[in-house]
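User: I am new to this structure and would be grateful for a close look at a single part of it. Please describe one place where two chains meet, together with its surroundings.

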Amino acid sequence: MQPNTKSVAQHHDVHQSEHHELSFWRKYVFSTDHKIIGIQYGITALMFLLLGFMFMMIMRWQLAYPGAAFPMYFFIAPIALMGVVVLFITGIKPSVNTVAGLSLVAMAALIWYLGSSDENFPDGIMLPEFYNQMGAMHGTIMVFLGVVPLAVGAFGNYVMPLQIGAPDMAFPKLNMMSYWVYFMGGVTMLISFFVPGGAANSGWTSYPPLSNIATTGQTIWLLGMVFLISSSLLGSVNFIVTIVQLRAKGLSFMRLPFFVWAQFVTSFLLLLAFPPLEAAGVLQLMDRLAGTSFFMPSGLVVSGQILPNTGGGTPLLWQHLFWFLAHPEVYVLILPAMGIISEIIANNTRKPLWGYKSLVYAAIFLGFMSFIVWAHHMFMTGMGSTISAFFQTTTMIISIPSVIILSALIISLWGGSIRFNTPMLFALAFLPMFGIGGLTGLPLGLSSSDIHLHDTYYVIGHFHYVVAPGTIFALFAGIYFWFPKATGRKMNETLGKIHFWGSFVCMNFIFFPMLIQGLAGVSRRLYDGGEQYAHAQSVLYLNEVMSVAAWVMALFQIFFIVNFFRSIKKGEKVSDNAWEATTLDWSATTSPPLAHGNFDTVPEVHRGPYEYSVPGQKNDFTPQHQKA
Amino acid sequence: MSSHSPEEIKKHVKIYITVFAALMVLTFVTVAVSYLHLSIFYTVLVALVIATVKGSLVASYFMHLISEKKMIYWALLLTVVFFIFLMFVPILTSSDPIIYRN
Amino acid sequence: MEIPYTIETREDTGVNNAKLGIWLFLASEVMLFGALFTTYILLRIGSADDWSQLNDILNVPLATLNTVVLISSSVTMVMSWASLMMKDFKKYKLYMGLTILCSFGFLIIKYFEYSAKFEHHLYPSTNTFLAIYFTMTALHGLHVIGGIIVNTYFWGPGSKMWNTQPERFTNRIEIAGLYWHFVDLVWIFLFPVLYLL
């Protein structure tokens, strides 16, 4: 559907200022265009997601078959093969595929390097020290280099300005800097594998005293975090100013697509919650490099020797500063996902979302509450019952807005004309999966039941349900959904459906057993999966089940990778509004959107974001910028 | 950008000089008070009160916060709430431990 | 391609982009230094030592001078913006130059403070009070250096914009001023907490 063509002064402005042709490097590499930056974030984040996934699969070998020789080439070969396929699937000319293909090959090379090292795999058998590196880096990479850059950096950057009718972000140069600082953070994290002692190995939570005395990799982890946090800070300022200041005429706050509200609240979380972790990182760097004792208590004994530092510090300080960020961080992981799902559900039910106002107020309330629940991660640290009760209460309260949002999305399905395309399948699966994830959180939020479940596999099962078949499914949904906007082509439906069903089944076989193992008391971060514990024996068999499910899920991702990179050039061509959607990103832009300025004619908004099946209208969707 | 006339700016300049003088006086007051060796409670209270007054002067007049827009106030209010939480809750968690540590 | 509201204010929000942006950034900085103040409180409460004795080794007169210097630089900063508002570029250069000089003065005094400590073998690793003292003042010092770089740019090569886009340039100085005042604000709290309590 073509946008209305009115002759507007802005049309001239668009062409007057930018008449010079940019060089290849300024156009595609050091670009200030939010769409290019969004794609850069997207590809980089997808690569990191795959790398984090690889690390997990390596860990799962050890968990399924403790002490068995690691079959390195079975892990490397598929990735290297994928790299070659992606490189050549649409010809040899330099493109996104070139970058992605080379990254895949580099990933295989990294794993080959790590797997061949006698320091990690003497006689091919994984050492606990290496297992711990995999554990810490899996978490770090997935959270900070994968999910958030994809959910916020990629989707937020690409879609949000289009949805609000803006020509770009408020600070395009700052946007470019955000990406490259993120990239440097990623490189720093990867470099940590090549120093003596390998990468960080004290968990993604890096608790002292262990992390204080850990190998060099931890210092590099801290430097990497400084980069990533700085990138995030610059990005969040940009997002908030853009949403507040650059909305098109007529686009009031309560007419914003819920996706934009989700990004707005998320940006506030990133802005205000990250700095304490930056401070903590600086403090730990001081501890490791300058001999201070911010986190080291007096008289600490390691391997029979008293440590020589001054003492007077407390590991609890790190925990407070870390979780002050890390709790809002999990809402950073889920809010953009809820935003994506909302757009897809409204579009594929052909009716407005139920309870738009509830969604908005719930999201705002959720964001606010997320700052005052953090010590539910610290119930076992000896806090008194009063303060524990406080955090338990706020944690129970915070489940309310989550339930409101989930309920609104489920009720939105009622009476809809549901189109079961691939994005919608992922969106529908998100609902019960996030439901399981949320419900399993309740016993953790209650301090008494948390006594039994803290630091067990139950916790891992809980948060993975929310992030993996939760957020990551939403991100897949978003990729299938917005792919036509970015490329003018659709991804293949058959491959998409295979990808969906395979992933959906496998996800549950990976994470449900974790809940069972956790209830049996199996601790997390055990190098041998609980083999040495009597209480774990009855549930040990599940380790192999989960590992096989993980490897099978990897195979199903091949369908996605091939589909994605092939469809960029060879996918079915579609119109500008491929899904017949109402929001400005679809109804007022071309596919792909204009190189700069985004809009042929700057839209003016006259109605809400989800006017589907409005009685009396010609079509079953009425674009936001349509007047009558 | 707000369009102030030169006369308005001159008025502002008078305010800046006044605030500067106040800040100087308060600086010397806060140092002088520290030599009085009050109890720890009053030392902290007086020092923080004076610092807050000084900070408010800088924020209100040098940073023009006193005539700023609602949008800015909301963002800052949110920040202050979380700041207070971050400042005081960790102490509360250690003030009433399950295991009494001497 | 023009980004709207770079210079002019948007009607319903009443601000331009940079003004909102810098305040948001400052909000995050409040949380950053706030975390360090939290650290100070937690460590002091749990400490076996009496910190009001430990900070006797700090040089209060020198730090008081530094406080005067930094507050002065704040005044000269706001005066440099006011000069631009009164279309007086020469005065702007004078006041901005004074601001930068005062900032260097602050750093030089800081250098004397630190080297005196190191000469007496007082390092961050000596005790936890000194650890937080050095960390907080050093982080503040890094922010001072950042401000010097920005202000020097606006005093020097960046000031050319006055000839082509005076309103936009004045805006930039206002934004730089907000950052600089914040640096001053942090010191206003750091000084009594570290030196006097």
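This is a predicted model: local features need pLDDT of at least 70, side-chain atom pairs count only at pLDDT 80 or more; totals for chains, interfaces and linings use all residues.

Taken along the principal axes, the C-alpha atoms of chain C fill a box of roughly 60 × 35 × 25 Å. Of the 197 residues in chain C, 49% are buried. Among its contacts between residues at least 6 apart in sequence, 76% join residues at least 24 apart.

Chain C meets chain B through a contact that takes 45 residues from chain C and 37 residues from chain B. On the chain B side, the elements that give two or more residues are α1, α2 (40-62) and α3 (70-95). By class, this side of chain B has 26 nonpolar, nine polar and two charged residues.

Helix α1 of chain B (residues 6-34) packs with helix α3 of chain C (residues 60-85) at an angle of about 175 degrees, and their axes are 10 Å apart. Because an angle over 145 degrees counts as roughly antiparallel, α1(B) is roughly antiparallel to α3(C).

From α1(B), the residues in this contact are B:Ile9, B:His12, B:Val13, B:Tyr16, B:Phe20, B:Leu23, B:Met24, B:Thr27 and B:Val31. They meet C:Val60, C:Thr64, C:Thr67, C:Val68, C:Ile71, C:Val75, C:Val78, C:Met79, C:Ala82 and C:Met85 in α3(C). The residues of this helix contact divide into 15 nonpolar, four polar and no charged.

Notes
Residues are numbered from 1 along each chain as its sequence is written. Chains are lettered from A and ligands numbered from 1 in the order in which they are written. Axes are lines fitted to C-alpha atoms, for helices over the stretch in contact, and angles run from 0 to 180 degrees between N-to-C directions. Helices (H or I, at least four residues) and strands (E, at least two) are DSSP runs, numbered from the N terminus. Angles under 35 degrees count as roughly parallel, over 145 as roughly antiparallel, 65 to 115 as roughly perpendicular and the rest as oblique. Two residues are in contact if their C-beta atoms, placed from the backbone, lie within 7 Å. Ala, Val, Leu, Ile, Met, Phe, Trp, Tyr, Cys and Pro count as nonpolar, Asp, Glu, Lys and Arg as charged, and the others, Gly among them, as polar. A residue is buried if 20 or more other C-beta atoms lie within 10 Å of its own, exposed if 12 or fewer, and partly exposed in between; C-beta atoms are placed from the backbone.
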